[in-house]
Amino acid sequence: MRIDGNTFKLLRIPFSFFLMPLFLFAYSQAETVLHHQALWAFLIIHLLVYPSSNGYNSYVDRDEDSIGGLEKPPMPTEQLFYLTVFLDLSAILLAVFFVNTSFAVCLVLYIAASRAYSSRQIRLKKYPYAGFLTVVFFQGAFTYYMSIAGISGNLLELNAENGFVLLGCSFQIAGAYPLTQIYQHRQDLKEGIVTLSYKLGYAGTFAFTALMFLLCNGFYYLYFTSKNLGMIFFIVQVFFVPIVAYFGYWSYLVKKDKREANFRNTMRMNWVAAICMNSCFIVLIIINKIPLSYISAIETAVPDYRYSQETLASFYSGSTDDLINKRKIKIVAGKTGIETRYSVIADFDKDPGQYEFFSKSADLLPEPGLSQRMQVYQENATKLSVKAVEKIRGFEQINKEITHLITVTCTGLFAPGLDVELMRELRLNPIIQRSSVNFMGCNAAIIALKQADAICRTTPKAKVLVVCTELCTIHFQKQYNDDYLLSNLLFGDGAVAALITSQPSVEYRHSVSIASFNSMVLHNGYSDMAWRLSEKGFIMNLSSYVPDLISRNIEPMLKSVNLDVANFKHWAIHPGGKRIVDDFALALGLDKCALAPTYQVLKDYGNMSSPTVLFVLKEVLEKAKPEHQGNRIFAAAFGPGLSIETMQLQYV
């Protein structure tokens, strides 16, 4: 069948551009996008269903004056009617075979409503309120619902937040629809049609439209804020500005001269609104579909044995008869800022005869060897790690969805390693991708998060589980030089599990996006923080010059990467020691109150090596307030080499 030009013209295919925004909006918000089905759904709606609806309306109305998209419409023929039937049937069949049944059923309902609106037998359009409500529902909420079905293959869950978006879509159409009728009053009256726009009058139509768009905006605000995406709402407002500006200008023209309520001004309003809204939702698609990375959860765990700093200092002091060493231990312990630490070892508050890990003598000789220490590590590291992971809310429901596992440790090694043990204990997917950050010290957690960030930015739907576990106290050694005075009196045991995802989470008051990372290695501190293996355990180098090295270099480092201290409202700094924290605050001109979470973690847990900075970050995130949205967070940790690793985050 050859379609003549006038018949094709009455399909008004370009008019689909004006109806495109809600499909693009649905595409931007769909949690799952089946791209092949989404493309078919788009083509079916915009090249078949909308043109068919336009054509059928023209066939029934036989308009002689201007209609949407055509200033001088030609007269329709029987060919137009049969073409609309063909387009509808094609749309339904293509939906069944190339999209899904739910989408096809939605199409049938939409087509039926469109026919009921225009047909001579039912003619809903002649009823100002019933016709208005039909258009508002089917071209608004129902179109969004239908589009989600086509894009994702799933029906939209009818919960509160989705209720907000459906109402927003309907009020968007409720605002636009009366404006499309404002120039057709006389033509509609000839057909016996009394539209809502006619009943409202010219001034009433503009006032009603303004009210509907305010309600639309209100529901969009509720929708985006309920999803912790308030920033997206403000992005949408930027695109609304030209629409509001032209709307106000046109309203002013009509107030001065009612002849300005004409076809050409109506089409200009349509073009401005469609260009702005389509552009807006395309931007949302880009924002939402480009993977980013978010901290979705941080949970911590410590061993069962909790010791006061006095108890641990007393144990250490009891291992020597040298009064000078005893005095040094007492002085250093009192300056650490630590009140309690945790350990997997049960010996520290027992009499020598009850020791299980150390030799049953006050002098602790002979000391445990490396094999014994690694055995304790293997027996306890997995249990402590699992304890942290299982605190993640709903983890048992998402354990099979974890795509990547990164384990971090520097206090013990065995094979198969901690990663494989966690896979077994947590029943993770056997095809999960694994990696480990080993022997990199206190800043290794940030290095692991850097890996997780890269994964999430390149892998849509990624869920990366980062587990940092350190059993520092198993490396306690009977030595009294400055290095060991510091390490024996600073370090404790702990574990942290962090879930990093490519989609934002509602675990915290605000979603927490990872912005960037920066590193610096201070080669002049090469030997000031280091350790190596020996037959007795780890040999530690931890000099008192470390705080000076950090404090002298942190500000130049930030300046070299164009980071301004004033731009950060929250700080998560690794408590390597009290003097390190004090000097860090002094170097950057920070009030010590800004580092309160760091001091608190140091006080309650000591330095646990790699997990510690995430203990601090957890404290920071859990204290977020509504007014913190948009604030930036700075995290830093320090490791051997001497290396500084920093991370920047933001509440979104």
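This is a predicted model: local features need pLDDT of at least 70, side-chain atom pairs count only at pLDDT 80 or more; totals for chains, interfaces and linings use all residues.
**Close-up 1. A cis proline in a loop.** The peptide bond leading from Leu365 to Pro366 is cis, with omega near -5°.

**Close-up 2. Another loop with a cis proline.** Here the view moves to the loop between β4 (404-409) and α16 (418-426), where Pro416 lies. Ala415 and Pro416 are joined by a cis peptide bond, and omega is about -5°.

**Close-up 3. Arg427, beyond α16.** Staying with α16, look next at the loop between this helix and β5 (433-438), the place of Arg427. Although Arg427 is not a glycine, its phi is positive, at about 55°. Is Arg427 buried or exposed? With a relative accessible area of 52%, Arg427 is exposed.

Close-up 4. Arg12 belongs to the loop between α1 (5-10) and α2 (21-29). Arg12 is not a glycine, yet it has a positive phi of about 50°. Its relative accessibility is 8%, so Arg12 counts as buried. What does the charged end of Arg12 sit over? That charged end sits over the ring of Phe15, 6.0 Å from the ring centre.

**Close-up 5. Arg115 over a tyrosine ring.** In this view the ring belongs to Tyr56, and the charged end of Arg115 sits over it. The distance from that charged end to the ring centre is 4.5 Å.

**Close-up 6. Helix α3 from end to end.** Helix α3 covers residues 35-61, which makes 27 residues. How far apart are its end C-alpha atoms? They are 38 Å apart, which agrees with the 39 Å that the helix should span at 1.5 Å a residue. Along the way, α3 bends by about 30° at Ile45. Because 20 of its 27 residues are buried, α3 is largely enclosed by the rest of the structure. Just after the helix comes Arg62, with a positive phi of about 50°.

Close-up 7. Across the model, the count of aromatic pairs comes to 45. One of them is formed by Tyr355 and Phe358, an edge-to-face pair with 6.4 Å centre to centre and 70° between the planes. Tyr355 and Phe358 are both buried. Which residues do ring pairs link into a cluster here? The cluster holds Tyr307, Phe315, Tyr316, Phe348, Tyr355, Phe357, Phe358, Phe476 and Tyr480.

**Close-up 8. Strand β12 and its two partners.** The tour ends at strand β12, residues 632-639. Why is β12 described as largely enclosed by the rest of the structure? The reason is that 7 of its 8 residues are buried. Strand β11 (residues 570-573) runs parallel to β12, and 4 bridges join the two. Within that pairing, His570 has Ile633 of β12 as its bridge partner. Strand β13 (residues 643-651) runs antiparallel to β12, joined by 8 bridges. In this pairing, Gly639 has Ser643 of β13 as its bridge partner. β12 and β13 form a hairpin with 3 residues between them, and Gly641 in the turn has a positive phi of about 135°.

Methods:
Residues are numbered from 1 along each chain as its sequence is written. Side-chain values use heavy atoms; hydrogens and water are left out. Buried means under 20% relative accessible area, exposed over 50%, partly exposed in between (1.4 Å probe, protein chains only). Two strands pair if DSSP finds at least two bridges between them. Rings of Phe, Tyr and Trp (its six-membered ring) pair if their centres lie within 6.5 Å; planes under 30 degrees apart count as stacked, over 60 as edge-to-face and the rest as tilted. A charge sits over a ring if NZ of Lys or CZ of Arg is within 6 Å of the ring centre and within 35 degrees of the ring normal. The expected span of a helix is 1.5 Å times one less than its number of residues. The bend at a residue is the angle between axes fitted to the seven residues ending there and the seven starting there.
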